[in-house]
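These are my notebook entries on one structure. I record what I looked up, entry by entry.

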Amino acid sequence: MTMNTVGRPTAPVPTSDYIHPTLTGGRGLLQDEALIFELNAWAKTGVDIPDADRPADDLAGLLRTTPVGLPGLSEPEAVRHYVRLSQKNHAIDLALYPLGSCTMKHNPRLNEKMARLAGFADIHPLQPVSTVQGALELIDRLAHWLKTLTGMPAVAMTPKAGAHGELCGLLAIRAAHEAGGQGHRKTVLCPTSAHGTNPATAAFVGYSVVEIAQTDDGRVDLADLAAKLGPDVAAIMVTNPNTCGLFERDIIEIARLTHDAGAYFYCDGANFNAIVGRVRPGDLGVDAMHINLHKTFSTPHGGGGPGAGPVVLSAALAPFAPAPWVVHHADGFKLVEEAADEAAHAFGRMSAFHGQMGMFVRAYAYMRSHGADGLRQVAEDAVLNANYIKARLSDVMSPAFPDGPCMHEALFDDEWLDGTGITTLDFAKAMIDEGFHPMTMYFPLVVHGAMLIEPTETESKQELDRFIHALRLLAGAAKAGEVDRFKGAPFHAPLRRLDETLAARKPRLRWRPETIPPLAAE
Amino acid sequence: MRFTKDHEWVALDGDIATVGITAYAAEQLGDVVFVEVPDIGKTLKQGDDMAVVESVKAASDVYAPVSGEVVEANAALGEAPDTVNAAPEAGGWFAKIKVSDPSQVEALMDRAAYETFLQTL
């Protein structure tokens with residue numbers, strides 16, 4: 001036989017358990033990556049631009065002589081830089097992303113395909129409306145779906161995010177009060193569990209904020225609300241389901257008390273995904289509510305694209321909606337832009353143009369691919385998944401509100417960690433080591449050491465079981481006194497635990513060169 | 001030194017009250033990363049928003065424990081917010097207020113009463 005005596009050994013060799021820091025900062029096949037400005041790419045350029053066929057200096061002495069200060073990476077260098085950075089990030093395309101109050105759910109690829117159709121993707125806001133009839137029709141149809149799902153008569157499509165939608169809603173409320181001779185109302189009521197954006201928005205509009213107390217079972221305290229409603233109150237801002245993942249079961253009474261006091265009811269619609277298709281906010285007495293298209297209607301979050309926060313409005317607020325909006329006449333669709341008859345009472349505008357077209361297309365594709373019955377199931381599955389997690393973890397962790405079901409998110413406090421020396425933060429960091437992005441922690445503020453888990457409807461039971469298994473193992477380790485596993489975590493992430501205090505006290509918000517780099521070679 | 005249920009302390013010297021947040025409050029906040037002290041000359045009513053303290057955990061309003069006019073503010077906290085953690089009831093003071101009604105101070109809790117109050121939380 002032929003015998004290869006020089007190649008790779010065929011028998012397994014003993015491996016060492018010794019774990020040592022790497023020599024280069026790399027981990028596995030992940031390389032340590034510097035900032036793009038630190039890649040020493042000043043003196044080169046990634047593109048070869050032909051010499052211009054005109055005099056070199058046509059600028060009458062205005063030719064720049066100082067460095068531009070841009071790194072000149074080649075295409076493969078630039079691609080690798082960003083792919084490496086993305087490997088350090090977590091994404092919904094990698095795994096469950098259980099951030100409570102964020103609704104990190106799958107972004108269907110059909111949405112992306114539709115958004116890239118040239119008739120939607122390659123148009124400009126200043127094109128003649130006769131050339132964008134299809135796009136305007138889509139905005140009109142999406143508006144129709146939003147009004148139908150919420151039971152509200154009007155919708156402002158232009159706000160660019162949830163908080164922008166809050167601003168739009170409160171500006172409409174302010175305009176309505178001023179028109180009704182109630183401009184002296186200067187107070188907005190928010191529950192203690194409110195998203196931070198609610199009081200921030202109210203303050204930005206010029207209102208002072210008063211907190212509404214919470215009951216022991218995590219809902220708005222009706223007696224406290226009634227006591228604080230008065231002739232000075234312009235609006236209340238209530239999230240439903242609220243940030244504790246609980247349905248405000250007194251919502252009808254909340255609306256009645258509010259209206260009786262002459263105030264408007266702004267509903268923070270961030271958690272609309274838990275009730276879409278099941279509950280119409282218009283039936284509850286809501287006057288204005290923003291809808292985060294990137295939550296309920298699956299458009300991408302953050303780096304995946306811009307946000308969109310349309311605001312549905314009651315009949316009382318509809319006349320004050322911001323321009324522009326789409327109308328349908330016999331000769332086609334058009335945008336109402338000017339403060340003429342149709343928009344005589346508009347409080348102004350929220351954005352220069354019609355809103356986030358790309359997000360509108362994605363949200364509409366999501367609605368049409370699910371249908372009305374599918375959207376109802378979105379809410380049902382989101383709630384079912386959260387309750388499954390709550391039920392499977394309640395014997396090892398402490399639910400903040402153990403009585404009754406939750407809505408779309410399961411909220412735990414840190415009582416079950418008492419005596420272990422381990423905090424919510426430590427537990428969250430150890431989850432990273434186990435391959436799971438942590439839940440939202442320390443929010444809502446009304447729950448001690450809060451852990452807010454929102455699985456969303458797009459996770460399968462199999463994936464939920466893997467997540468639950470990991471949390472049960474970690475909870476067991478915490479109770480068994482394995483403090484080191486938690487205190488130093490994460491051990492296996494690209495970066496170890498960061499000094500959040502130093503980052504907050506001495507933030508470095510801008511990269512600055514140590515020396516002025518030389519001008520890139522021509 | 002006198003204390004409020006919102007965890008501010010007051011130390012009265014003549015008609016000048018030095019005010020800050022208690023050691024308990026500083027510990028509950030965690031590492032303080034930012035402090036906004038009131039403007040000198042500002043007139044405050046008891047219970048008004050007086051200052052803002054921000055930690056890695058949360059941003060909180062600090063209320064004026066007494067009514068009066070701000071005559072001095074601890075500007076050093078801008079550069080060294082950690083003083084609030086290191087010495088909350090000494091170098092971590094927020095402001096000095098020329099009090100308009102000294103009886104307000106008398107009505108606040110003494111240390112023993114405040115300690116008892118903390119036991120109820």
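I count two residues as in contact if their C-beta atoms, placed from the backbone, lie within 7 Å. On that basis I looked up the contacts in chain A between residues at least 6 apart in sequence, and 73% of these join residues at least 24 apart.

**Conventions.** The model is predicted, and local features need pLDDT of at least 70, side-chain atom pairs count only at pLDDT 80 or more, and totals for chains, interfaces and linings use all residues. Residues are numbered from 1 along each chain as its sequence is written, while chains are lettered from A and ligands numbered from 1 in the order in which they are written.

**Chain A overall.** I found 14 helices and 13 strands in chain A; helices (H or I, at least four residues) and strands (E, at least two) are DSSP runs, numbered from the N terminus. Along the principal axes, the C-alpha atoms of chain A fill a box of roughly 90 × 75 × 55 Å. Of the 522 residues in chain A, 39% are buried. A residue is buried if 20 or more other C-beta atoms lie within 10 Å of its own, exposed if 12 or fewer, and partly exposed in between.

**The sheet.** I traced an open sheet of 7 strands in chain A, with mixed pairing and the order 1-7-6-5-4-2-3. Strands pair if DSSP finds at least two bridges between them. Strand 1 (154-156) and strand 3 (208-212) of chain A are the edge strands, each pairing on one side only. On average, neighbouring strands of this sheet are turned by 25° against each other, direction ignored. Strand 5 (residues 264-268) and strand 6 (residues 288-290) of chain A run parallel and are joined by 2 bridges; Tyr266(A) has Ala288(A) in strand 6 as its bridge partner.

**Helices on the sheet.** Helix 5 (residues 162-179) of chain A lies across strands including strand 4 (233-239) and strand 7 (311-313), and runs at about 165° to strand 6 of chain A. Helix 6 (residues 197-205) of chain A packs on the sheet as well, touching strand 2 (187-191), strand 3, strand 4 and strand 5, and its direction makes about 175° with that of strand 2. Angles run from 0 to 180 degrees between N-to-C directions, and axes are lines fitted to C-alpha atoms, for helices over the stretch in contact.

**A helix pair.** The axes of helix 10 (residues 357-393) and helix 12 (residues 461-479) of chain A come within 10 Å and cross at roughly 30°. The two helices are therefore roughly parallel to each other (under 35 degrees; over 145 is roughly antiparallel, 65 to 115 roughly perpendicular, the rest oblique). Asn385(A), Tyr388(A), Ile389(A), Arg392(A) and Leu393(A) in helix 10 meet Leu464(A), Ile468(A) and Leu471(A) in helix 12.

**Backbone details.** I noted a cis peptide bond between Phe443(A) and Pro444(A), with omega about 0°; Pro444(A) is in the loop between strand 12 (440-441) and strand 13 (451-453) of chain A. The peptide bond from Ala489(A) to Pro490(A) is also cis, with omega near 5°.

Which phi values are positive in a residue other than glycine? Thr103(A) has phi near 50°, and His7(B) has phi near 70°. Thr103(A) counts as buried because 25 C-beta neighbours lie inside 10 Å. His7(B), in the loop between strand 1 (2-3) and strand 2 (8-13) of chain B, counts as buried with 24 such neighbours.
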